[in-house]
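Colleague: I'm new to this one, and I'd like to learn how to read it. Could you walk me through it?

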Amino acid sequence: MNTPESSAPKKRVAPKSARRRSREVALQGLYEWLIAGSDAGVIEAHMREQDGFDKCDAVHFDALLHGCIRDAATLDAVLSKHVDRPTNELSPIEHGVLLIGAYELKNCVDVPYKVAINEAVELAKSFGGTDGHKYVNGVLDKAAAELRPAEVGAARSARR
């Protein structure tokens with residue numbers, strides 16, 4: 001029997017990049033850190049044992065996990081200017097996603113600011129609440145103007 005579902009073309013999903021996987025695993029580690037306050041080394045070891053870790057960019061994962069934990073106070077200071085409540089009152093997923101986005105904006109200049117924001121939005125869509133991705137987008141768009149003023153200014157000027 002031919003049903004509409006079986007005859008519909010299947011949507012092809014592009015495989016996740018190693019960088020995207022590293023962001024996902026780093027988010028899981030940051031979630032553990034935000035919830036339980038576990039040691040970064042213990043979290044890293046735990047994340048490296050997860051199935052599929054070999055498919056992620058381990059160097060980027062290390063930079064994100066350890067950088068976000070190490071620089072959390074500095075990143076939260078930047079984020080606090082653009083959020084509507086203290087960062088410790090955000091959901092741990094949104095907080096972790098915002099930490100990753102802010103870290104990439106601040107430290108990963110090889111990642112264009114629009115890509116850093118888009119990747120954070122995708123993380124929020126995959127792991128966060130219903131409209132969390134919209135919140136993440138708005139906060140990081142404002143933070144990008146502060147952290148990468150020349151790049152953001154050039155992009156905004158080009159649109160005019």
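Predicted model: local features only at pLDDT ≥ 70, side-chain atom pairs only at ≥ 80, totals over all residues.

Colleague: How many helices and strands does the protein have?

Modeller: Helices (H or I, at least four residues) and strands (E, at least two) are DSSP runs, numbered from the N terminus. Here there are nine helices and zero strands. The C-alpha trace spans about 60 × 50 × 30 Å along its principal axes.

Colleague: What share of the residues counts as buried?

Modeller: Buried means under 20% relative accessible area, exposed over 50%, and partly exposed in between, with a 1.4 Å probe and protein chains only. Of the 160 residues, 41% count as buried. As for contacts (heavy atoms within 4.5 Å), take those between residues at least 6 apart in sequence: 70% of them join residues at least 24 apart.

Colleague: How do I describe two packed helices?

Modeller: You give the angle between their axes and the distance between the axes. Axes are lines fitted to C-alpha atoms, for helices over the stretch in contact, and angles run from 0 to 180 degrees between N-to-C directions. Helix α2 (residues 18–36) and helix α4 (residues 58–70) pack at about 30°, with axes 8 Å apart.

Colleague: Why are α2 and α4 called roughly parallel?

Modeller: Angles under 35 degrees count as roughly parallel, over 145 as roughly antiparallel, 65 to 115 as roughly perpendicular and the rest as oblique. At about 30°, α2 and α4 are therefore roughly parallel to each other.

Colleague: Which residues meet there?

Modeller: From α2 they include R23, A26, L30 and W33, and from α4 they include F61, L64 and C68. By class, this contact has nine nonpolar, three polar and two charged residues. In that count Ala, Val, Leu, Ile, Met, Phe, Trp, Tyr, Cys and Pro are nonpolar, Asp, Glu, Lys and Arg are charged, and the others, Gly among them, are polar.

Colleague: What about the largest nonpolar core?

Modeller: A nonpolar core is a set of buried Ala, Val, Leu, Ile, Met, Phe, Trp, Tyr and Cys residues joined through side-chain atoms within 4.5 Å. The largest one has 42 residues, and F61, I100 and L140 are among those with the most contacts inside it. Helix α6 gives the most to this core, with eight residues. I100 touches L30, L64 and C68, among others.

Colleague: Is L140 buried or exposed?

Modeller: L140 lies in helix α8, and it counts as buried because its relative accessibility is 0%. Its contacts beyond four places in sequence include L79, L98 and I117.

Conventions: Residues numbered from 1 in each chain as written. Heavy atoms only, no water.
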